[in-house]
There are 2 protein chains.
Amino acid sequence: MSLVSAQALRDFVASAYAAVGVSGLEADTIAELQVKADLRGSEGHGVFRLPQYIRRIKAGAVNVKPRIRIERERAGTALVDGDNGMGHLVMKFAAEVAIAKAKVAGIGWAGAKMSNHAGPAALYAMMPLEAGMIGLYLAVGNANHLAPWGGLDMLLSTNPIAVAVPALDEPPIVLDMATTVAAYGKVKTAAQRGEQMPLGWMIDREGRPLTDPKRANEGLLLPLGGMEAGFKGYGLSLVFGLLAGTLNGAAMGRNVIDFNNDDTSVTNTGHAVVAIDPEAFGDAMQFRANVDALIRDIRGSKRLPGVERIWMPGEQSHLRYAEALRDGVMLSGPLAASLDKLADDLGIAKLRRA
Amino acid sequence: MSLVSAQALRDFVASAYAAVGVSGLEADTIAELQVKADLRGSEGHGVFRLPQYIRRIKAGAVNVKPRIRIERERAGTALVDGDNGMGHLVMKFAAEVAIAKAKVAGIGWAGAKMSNHAGPAALYAMMPLEAGMIGLYLAVGNANHLAPWGGLDMLLSTNPIAVAVPALDEPPIVLDMATTVAAYGKVKTAAQRGEQMPLGWMIDREGRPLTDPKRANEGLLLPLGGMEAGFKGYGLSLVFGLLAGTLNGAAMGRNVIDFNNDDTSVTNTGHAVVAIDPEAFGDAMQFRANVDALIRDIRGSKRLPGVERIWMPGEQSHLRYAEALRDGVMLSGPLAASLDKLADDLGIAKLRRA
């Protein structure tokens, strides 16, 4: 394991993007967001993805000089054309559009097409928090690992949802979840760590449990609800995909490119980010105080035997973020080695260890 | 079992509301929506609830002459004050507001407070379909049967989501799901039919499986994801409740009234209905054709052994609705008896059997 500081990680990531032609300002923006994923504990969506992102840029599948723009808009909505830029840039742009619209219209819903993988959903749902707003984020995942309920063909992805709700003195509530039992990023992390997956994450194409993450490409993720109520997870994946993908003219269903096994095709990734101004519904400070009261009721409520603490969605990530900013983050040996190799390939300085 | 026609059921329900002081037009509106629940197969949310609704009206807990109005609005949002009217009336009003706003702003999000239980979520998510729009609906459930993840205190409800997406030649996709493994209405239906519940729907307060629906008030519903990933269902219930309840100044958490065991308290039920105009994001007809293509890809895809057909969310309800309109619906013996008793109590004609 290697300990690295947040700043060292940001510098390294930004230098990698700069080395493949991304402008300095945009490289910094991407680095800030990707490292935030690691700091919050979303390892499967952070710097771990860097070699893959760089590989796809070098293969010409991602535009390093995108002209991101609003293609169509109304008072409460916008369709953003990402011009095949890095998803982080496209969705930061979209979130800013959504927030600006919500300031006037009460709500702003910005859909994006011609985007790319953007990392953890929470990053974009949290952007409206800085304006005192509620944020929502939906996306079409960048590889289909999920079959329709009762089916075998992988026509759906883990299409995630994130919802961020501001509180007053408490940390915001930040739900970030894939519509499968486990996100595919967790499968990849388990594979890299040489760990087995729990029962219930995946099945093989005969419907049998699959626990070896190295065999993940032979299997299907189970939708949220598992064998008992997986038709609900299937339904959520489908409708979030329709809202984030089909509605925006982005890829969905069989048009989704498996970006884990294809470095050259344009993904036309679709996402949506929504900002809601609480002041449009009542007194915003009263709302935030009511969120605090709810959090405290839940945290202070009776626990099942053996449970030490009841957590709010996002609360552990919030604490991890503060710790990691202060103490740095631990990278696994294989991950650190892959970043060193990337540095050699790109001719940039290796990541500084703390 | 008794077979009744849709029209006989509507007439009976409307006459029951008229008998307790609801105006004729509003009684017809409520009856139309409540019977639609039965026709679509949502028995737990249809005429089955009529005796309870009437009991609460007679106890003074629901206002039969509400002045439903917009309290606050912006271009894309509205807060509707339901004036403690029947939820069906409040949410039909809110859906109309959302649709009107979406026609101009691209999106309309109407939140409601001081409302009441409104039946199945799908009814309101489907209203924007008639204007060619996508509909979303969220609500705070009217009884807390769910504990926070790791907790024992029932501070959360089954807070449902519904999403309706128009297609072109195919029926619309209509997802309607509680954020628990099973909706509480299904528990009530099982109890009335004298059936046991499957393992995994509920646990008792020691964490043991609970399968007798007559003991439901001793137990907790399991959040979607069950023992494996129930923190996700907990998170969804929480954030949908924040959006449908807390944001609108409606009940959430410990302020939720258990309307199954309390006939007299005002519930201050919160909901939200959202309309999205596909034309704000691109060509609406192309969008609908793309939805058709996705439906056909999914329906025609390979199936697991033993699976006869892959269903879209809402497709079975759509077929049931057409059949029930033509053939009528079957009511269980206990349900028919409870409606006959209600007729006697109210001094109205009994429900006509087909």
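At what angle do helix α2 (residues 24–39) of chain A and helix α4 (residues 87–105) of chain A pack, and how far apart are their axes? The angle is about 90°, and the axes are 9 Å apart. The legends below describe a predicted model, in which local features need pLDDT of at least 70, side-chain atom pairs count only at pLDDT 80 or more, and totals for chains, interfaces and linings use all residues. Residues are numbered from 1 along each chain as its sequence is written, while chains are lettered from A and ligands numbered from 1 in the order in which they are written.

**View 1. Helices α2 and α4 of chain A pack at about 90°.** That angle makes α2(A) roughly perpendicular to α4(A) (under 35 degrees is roughly parallel, over 145 roughly antiparallel, 65 to 115 roughly perpendicular, the rest oblique). Axes are lines fitted to C-alpha atoms, for helices over the stretch in contact, and angles run from 0 to 180 degrees between N-to-C directions. Helices (H or I, at least four residues) and strands (E, at least two) are DSSP runs, numbered from the N terminus. From α2(A), Glu26(A), Thr29(A), Ile30(A), Leu33(A) and Gln34(A) meet His88(A), Leu89(A) and Lys92(A) of α4(A). Contact means C-beta atoms, placed from the backbone, within 7 Å. The contact has three nonpolar, three polar and two charged residues. Ala, Val, Leu, Ile, Met, Phe, Trp, Tyr, Cys and Pro count as nonpolar, Asp, Glu, Lys and Arg as charged, and the others, Gly among them, as polar.

**View 2. Helix α3 (residues 50–58) of chain A crosses helix α10 (residues 333–346) of chain A at roughly 30°.** Their axes come within 10 Å. The two helices are therefore roughly parallel. Leu50(A), Pro51(A) and Ile54(A) of α3(A) make the contact with Ser338(A), Leu339(A) and Leu342(A) of α10(A). By class, five of these residues are nonpolar, one is polar and none is charged.

**View 3. Helices α3 and α10 of chain B pack at an angle of about 30°.** The axes lie 10 Å apart. This makes α3(B) roughly parallel to α10(B). Leu50(B), Pro51(B) and Ile54(B) meet Ser338(B), Leu339(B) and Leu342(B). The contact divides into five nonpolar, one polar and no charged residues.

**View 4. Helix α8 (residues 284–299) of chain B has 16 residues.** From first C-alpha to last, α8(B) reaches 23 Å, close to the 22 Å expected at 1.5 Å a residue (1.5 Å times one less than the number of residues). Phe287(B), Arg288(B), Asn290(B), Val291(B), Leu294(B), Ile295(B) and Ile298(B) are buried. They lie on the same side of α8(B), because they cover an arc of only 155° around the axis (the arc of the directions from the helix axis to the C-beta atoms). Buried means 20 or more other C-beta atoms within 10 Å, exposed 12 or fewer, partly exposed in between, with C-beta atoms placed from the backbone. The buried residues pack against α7 (226–244) of chain A, together with β6 (161–165) and β7 (173–177) of chain B.

**View 5. Chain B touches chain A through 61 residues, in contact with 61 residues of chain A.** Elements of chain B that each supply at least two residues include β3 (77–81), α4 (87–105) and β4 (107–115). The largest share, eight residues, comes from α7(B). The chain B side divides into 34 nonpolar, 18 polar and nine charged residues.

**View 6. Pro198(B) sits in the loop between α6 (184–193) and β8 (202–204) of chain B.** Pro198(B) counts as partly exposed because it has 14 C-beta neighbours inside 10 Å.

Methods: Two residues are in contact if their C-beta atoms, placed from the backbone, lie within 7 Å.
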